[in-house]
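Here's a walk through one protein model, sheet by sheet and core by core. Have the viewer open while you read.

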Amino acid sequence: MTVTSTLSLGDPLESARTATAEMLQNRERTFSLPQAFYNDERLFQIDIQEIFHKEWLIAGMTCEIPAKGNYLTLQIGNNPIIVIRGAEGVIHAFHNVCRHRGSRLCTSDKGKVAKLVCPYHQWTYELDGRLLFAGAEMGADFNLADYGLKPVNCKSAGGYIFVSLAENPPAIDEFLATLAHYMEPYDMENTKVAVQTTLLEKANWKLVMENNRECYHCNGSHPELLNTLLEWDDVTDPRATQAFKDQVAECTTRWDKDNIPYAHASFGLRNRIVRMPLLKGTVSMTMDGKPGSRKLMGRITDPDLGSMRILHLPHSWNHCMGDHMIVFTVWPISAQETLVTTKWLVHKDAVEGVDYDPENLRKVWDATNDQDRRLAEENQRGINSSAYQPGPYSKTYEFGVVNFIDWYSERMLANLDAAPAAYLRGVTAQ
């Protein structure tokens, strides 16, 4: 069955929400989505409202705000957010909006402050969001306690900082506890961002994620990545060879000895953690497969840890090796524009130019990211055509894409409060 878009250019947003729910309820689940999901600005706004404003997002890494007063900022749709470390190491998140007349408080990507001071009229806030000063101009009866910063849900685990704009965000604590366990060997409080890049892709954010969720395209597009990467996520993958299964058995024996977590852990379709070997004879995602940093992370002594892959929907994938790790986050800008941020992390005591070369660290994924950008942009150009209609996914090579679209559809319908119980049972049982 082919599902076509029922959105009309004249539809108001509420009608678009109804049409969105209908298309998802009637879609063919092993086919790509109707065109409007990839290029319609009203549907993009629904994505922002019902996915990016309601799900947990990775705001950054705890090592980026190591001390009291360190902050980072981000943008979620039209919402500027500040994440800051306060007293006793507590991490807070707030809307980066002054309670006076709405100016942004912090205008830099990162920084360090003693207090949060609005640059417009100098209203001053404590690091925990309390308003400390508004000036005598506000009058004697002005109550500072009524105008603290508006908080954002914030949790941290395993070196990651998660935020959610939802009033009642989805449950995540079980995943965070598991993440903390799997990240323990890396001692993430003692890491640093060695390199960071941001790439603008002229494609819908779902196309960026779909491209990431399969390696069907890898042989034809990613020679640098395939110097080290084995595409299988588990020995249960129907395409996994016996040689791969034997390699996994040999590696897990060593990892057990060093108390390195590796078993596949999944939390519905939203989150997954699994450690898989890299190509035999390689230990890191560098051009030659050798360590990108001489100083290994945390308590790790064996660089041959393969890659621990962490998936967090809607917008992040990660590779954690013995010498460094890579964190990718996807940020929708418009219906056909997406920012992809990549961070390479190393031990905080690793010395640039001595222990690691930033250019060597980033070379594989710089090439891969740019290749993926071109693929996603060409995908977008084709989807914009009047000839586009949803096409079938491979149930073996593209099962990860099917899982992503299932998760997206489930969450969108649930957040729109439009999902029939039978539909949700059918999706979550996959």
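Predicted model: local features only at pLDDT ≥ 70, side-chain atom pairs only at ≥ 80, totals over all residues.

Residues are numbered from 1 along each chain as its sequence is written, and side-chain values use heavy atoms, with hydrogens and water left out.

**Aromatic pairs**

By that 20% cut-off, Phe 52 is buried, with a relative accessible area of 2%. Trp 205 is buried too, at 0% relative accessibility. Rings of Phe, Tyr and Trp (its six-membered ring) pair if their centres lie within 6.5 Å; planes under 30 degrees apart are called stacked, over 60 edge-to-face, and the rest tilted. That rule gives 16 aromatic pairs. Two of them are tabulated here.

| Pair | Centre to centre | Angle between planes | Type |
|---|---|---|---|
| Phe 52 and Trp 205 | 4.9 Å | 90° | edge-to-face |
| Trp 232 and Phe 244 | 4.8 Å | 50° | tilted |

Phe 52 sits in helix H3 (residues 41-52) and Trp 205 in helix H5 (residues 205-212), so their pair ties together parts that are 153 residues apart in sequence. Helices (H or I, at least four residues) and strands (E, at least two) are DSSP runs here, numbered from the N terminus. As for the other pair, Trp 232 is in the loop between helix H6 (218-221) and helix H7 (242-257), with Phe 244 in helix H7, twelve residues apart. Both Trp 232 and Phe 244 are buried. Ring pairs also link Phe 37, Phe 52, Trp 205, Phe 404 and Tyr 408 into a cluster.

**Cores**

A nonpolar core is a set of buried Ala, Val, Leu, Ile, Met, Phe, Trp, Tyr and Cys residues joined through side-chain atoms within 4.5 Å. The largest has 69 residues, and those touching the most other members are Leu 74, Ile 76, Val 83, Trp 205, Trp 365 and Tyr 408. Helix H9 (residues 399-415) gives the most to this core, with eight residues. Which residues does Tyr 408 touch, not counting residues up to four places away in sequence? With contact meaning heavy atoms within 4.5 Å, its partners include Leu 24, Leu 33, Phe 37, Asp 47, Trp 205 and Lys 206.

Seven strands make an open sheet in the order E11-E17-E16-E15-E14-E13-E12, with antiparallel pairing; two strands pair if DSSP finds at least two bridges between them. Strand E11 (191-201) and strand E12 (265-267) are at the edges with a single partner strand each, so one side of each is left without a neighbour in the sheet. The twist averages 15° from one strand to the next. Angles run from 0 to 180 degrees between N-to-C directions, with axes fitted to C-alpha atoms, for helices over the stretch in contact. Strand E13 (residues 271-276) and strand E14 (residues 307-312) are joined antiparallel over six bridges, and Val 274 stands opposite Arg 309 in E14.

H4 packs on this sheet, touching E12, E13, E14, strand E15 (316-320) and strand E16 (325-334), and its direction makes about 160° with that of E14. Helix H8 (residues 358-383) packs on the sheet as well, touching E11, E15, E16 and strand E17 (337-347), at about 25° to the direction of E11.

Which residues of helix H4 (residues 173-183) are buried? They are Phe 175, Leu 176, Thr 178, Leu 179, Tyr 182 and Met 183. Seen down the H4 axis, these buried residues fall within an arc of 165°, so they line one face of the helix; the arc is that of the directions from the helix axis to the C-beta atoms. On the other side of H4, Glu 174 and Ala 177 are exposed.

Most residues other than glycine have a negative phi, and most peptide bonds are trans. The Leu 313 to Pro 314 peptide bond, however, is cis, with omega near 20°, and Pro 314 is found in the loop between E14 and E15. Glu 88 has a positive phi of about 55° and is exposed at 82% relative accessibility. Asp 187, in the loop between H4 and E11, has phi near 45° and is partly exposed, with a relative accessible area of 33%.

Key: Buried < 20%, exposed > 50% of the residue type's maximum accessible area, 1.4 Å probe, protein only.
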